[in-house]
Amino acid sequence: MLKLLGAVSIAFLTVFAGMAVARPFKDAGGRTVEIPNHVSRVLTAGPPAAVLTYVLAPEKLTGWVQEPTKEQKEFLMPSVRDLPTYGRLTGQGGTANMEAVLAAKPDIIIDVGTVNDTYISLADKVQQQTGIPYILIDGSFAKTPETLRLVGDLLGVSARAGELATYAETTLKTLNEGIAKVPEAERPKVYYGRGPEGLETGLAGSINLEILGAVGATNVAAAAGKGGLTNVSLEQILGWNPQVILAASPKFAQAAKSDPLWANIAAVKAGQVYPTPSTPFGWFDSPPGVNRLIGVRWLEALLYPKAFAVDLKADVKQFFKLFYQVELTDAQLDTLLKGATPKS
Amino acid sequence: MKDSAENDGSLKLIVYSIAGLMALAMLSMAIGKYFVSPSSILSVLLSGITGDTSGIDPIQSTVIWNVRLPRVAAGLLIGASLAAAGATYQGLFRNPLVSPDILGVSAGASLGAVLAIFLEMPVPVIQASSFCGGLLAVGAVYGVGAAVRNRDPVLTLVLAGVAIGAVVGAGISLIKILADPYDQLPAITYWLLGSLTAVTRGDVGSILPAVLIGFVPLILLRWRMNVMTLGDEEAQTLGVDTRLTRSVLIAGATLITAASVSIAGIVGWIGLVIPHIARLLVGPDFRKLLPASIMLGGAYMLIVDTLARSIARIEIPLGILTAVVGAPFFLWLLASGRKGWS
């Protein structure tokens, strides 16, 4: 009798376990990871993954990598504003606390970004240590529609993912068709300045300037070589003489407009100095995630007003409603775009 | 007669310290972000030994076996290693400002790790590269020291260490500039600040042989170490081959430091300050200083790592905490300590 009871309970457990553990998933690192059929809690390893999970399924987000600031929270759904902060799992060490990660009881951990051997082995390590499936997703900008669909299927929100992916495809298609018609000579030379003094920029191939390349503009700092972020001198910028300056910090935008040292640069003379909007997530670079889609529309309006018929305000409202699920008021819209559009 | 009484006394002290350390380790096992009751900790630990996992919460089991136990073990091992290496270096160079970094082991290990992160290598390669980097840097410094024969050997070593450390530091800075700001730079920064957050049992196992081998000369040569602190000339008159003794001791201390740094990143301060604290407590006799440094180092690292994983929601890098917790304590000891440097 006892034996029979045991057998029945084992059979029951096996069926039960079979329901909970589910399908294999091949991630961008070529790892095959067993993931549950129904994913209801997602922990994100880095900022791009947090944005991606938020736009697809905000109710499945367990927390943030970095606590959103007050300014950011205003543009996020109320339900996610006060989620806990878990820190970054990326890199050896990182700031995420393994026990806090386990206490969040996530069904899966998602990391979006560059996929290389370091991240593959790190994912294996964390997965082995915690027993939580750890999935790597390729975060390159050109693959945005595929990434949205892939992760949407993973999270069981395919319909919403399809909607967002279509938007991304339309954006990229409009962009590529529009750019093709702009002759090489009419594509502006752009300098992107970071930091309070604006003397930090990205070299050719830098992920920070990925969407500048996508919109076909020339990064003047590419002349200084290939690589990531770097510091340059004012002399170099004077030599490059950019036609447009994009400023990661509004302080630098202000300084560039008023500082006599910058006064002779073509962009300053023409009044073409713009801060890059960065709320709730960066429009231009950080983090390098789907948040940059609206940056493309913004750059089209800014750099090619003739080639693209962009109604920027309507586009921003639509993007925020579709992706971030917030209705922008006109006042909020003005805050977002302050100084970032040509004066008309 | 007096000697044996003293030996009995120190034996007792060692037994007490080990018991204290065990208690501290148990306490650390009970503290963390994921609540596990003390009785559950015991049953989880027992289940791991007996293999009977019925009635055990799998998440609790993961927390205890895969997160806390490796961290406690790594903390004890690394704290003890860095402090022992520090005590050895300070004695060898007869200088209280010396830490295990003096011959460039930390800098070399940093460069090895940073380079491997930059080249997008898997984690085990990063650790191996860091380990080799540490050994290579000290090897280079020692090579320079051996090549320059007509000067004070200790001074030559220290100066060569400073010079090679500077070059290695420049290499690290260069890679930081070239690294990808989203993916690699944070990884490099966290690595340089030290952390045990991702340590697994496999990591601890992988450095254990190197640490044990490194400890052998330190323990065997503890009496000669005392003679070395008298200075080369006097040590030679007492019949000690200073050159050989020094190289063997440096090799041992370097091996345990490089192994520790390869899995924990740079954890500063312990190697500098723990030997001082030990010296203030037991005096400069290396036969007492070494065990005292080992115990204190292990305990200190354990406390710091427990704080690192429990005081905030996110992890606090060890490099920050070792200094913040250690500096005030050290200053207090300095002001009230009884025993001196020599």
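## A helix pair in chain A

In this predicted model, helix α13 (residues 293-303) of chain A packs with helix α14 (residues 312-324) of chain A at an angle of about 180 degrees, and their axes are 10 Å apart. The helices α13(A) and α14(A) are therefore roughly antiparallel to each other.

On the side of α13(A), the contact is made by A:Leu293, A:Ile294, A:Arg297, A:Trp298 and A:Ala301. The residues contributed by α14(A) are A:Leu312, A:Asp315, A:Val316 and A:Phe319. By class, the contact of α13(A) with α14(A) comprises seven nonpolar, no polar and two charged residues.

## Two domains in chain A

The domain assignment divides chain A into domain 1 (2-165) and domain 2 (182-336). The centres of domain 1 of chain A and domain 2 of chain A, taken over C-alpha atoms, are separated by 32 Å. To the contact, domain 1 of chain A gives 18 residues and domain 2 of chain A gives 18 residues.

On the side of domain 1 of chain A that touches domain 2 of chain A, at least two residues each come from α2 (47-56), α3 (70-73) and α7 (144-155) of chain A. The most is given by α2(A), with five residues. This side of domain 1 of chain A holds 14 nonpolar residues, three polar and one charged.

## Helix pairs in chain B

Helix α12 (residues 270-282) of chain B and helix α13 (residues 286-310) of chain B have axes that come within 8 Å and cross at roughly 125 degrees. That angle makes α12(B) oblique to α13(B), and the crossing of α12(B) and α13(B) is right-handed. Among the residues that make the contact are B:Ile270, B:Ile274 and B:Pro275 of α12(B), together with B:Leu289, B:Ala292 and B:Tyr300 of α13(B). The residues of the contact of α12(B) with α13(B) fall into 12 nonpolar, two polar and two charged.

A further pair is formed by α3(B) and helix α8 (residues 201-220) of chain B, which pack at an angle of about 25 degrees with their axes 11 Å apart. That makes α3(B) roughly parallel to α8(B), and α3(B) passes α8(B) in a left-handed crossing. The residues B:Pro70, B:Ala73, B:Ala74, B:Leu77, B:Ser81, B:Ala84 and B:Thr88 in α3(B) meet residues of α8(B) including B:Arg201, B:Val211 and B:Phe215. The contact of α3(B) with α8(B) is made up of nine nonpolar, two polar and two charged residues.

## Contact between the chains

Chain B brings 35 residues to the contact, and chain A brings 37 residues. On the side of chain B that touches chain A, the elements giving two or more residues are α3 (58-92), α5 (123-147), α6 (153-178) and α7 (184-193) of chain B. Of these, α3(B) gives the most, with five residues. The side of chain B that touches chain A has 21 nonpolar, seven polar and seven charged residues.

## Confidence of the model

The model scores ipTM 0.75 and pTM 0.82. For chain B the mean pLDDT is 86, with 96% of its residues at 70 or more. For chain A the mean pLDDT is 87, with 92% of its residues at 70 or more. In chain A, the pLDDT is below 50 over residues 11-19, and this stretch has zero contacts in the model beyond near neighbours in sequence.

Definitions and conventions:
Residues numbered from 1 in each chain as written. Chains lettered and ligands numbered in written order. Predicted model: local features only at pLDDT ≥ 70, side-chain atom pairs only at ≥ 80, totals over all residues. Domains from an automatic or database assignment. Contact = placed C-beta atoms within 7 Å. Helix = DSSP H or I, 4+ residues; strand = E, 2+ residues; numbered from the N terminus. Nonpolar A, V, L, I, M, F, W, Y, C, P; charged D, E, K, R; others polar. Axes fitted to C-alpha atoms, helices over the stretch in contact; angles between N-to-C directions. Parallel < 35°, antiparallel > 145°, perpendicular 65-115°, else oblique. Left-handed = near helix turned anticlockwise from the far one by under 90°. pLDDT = per-residue confidence, 0-100.
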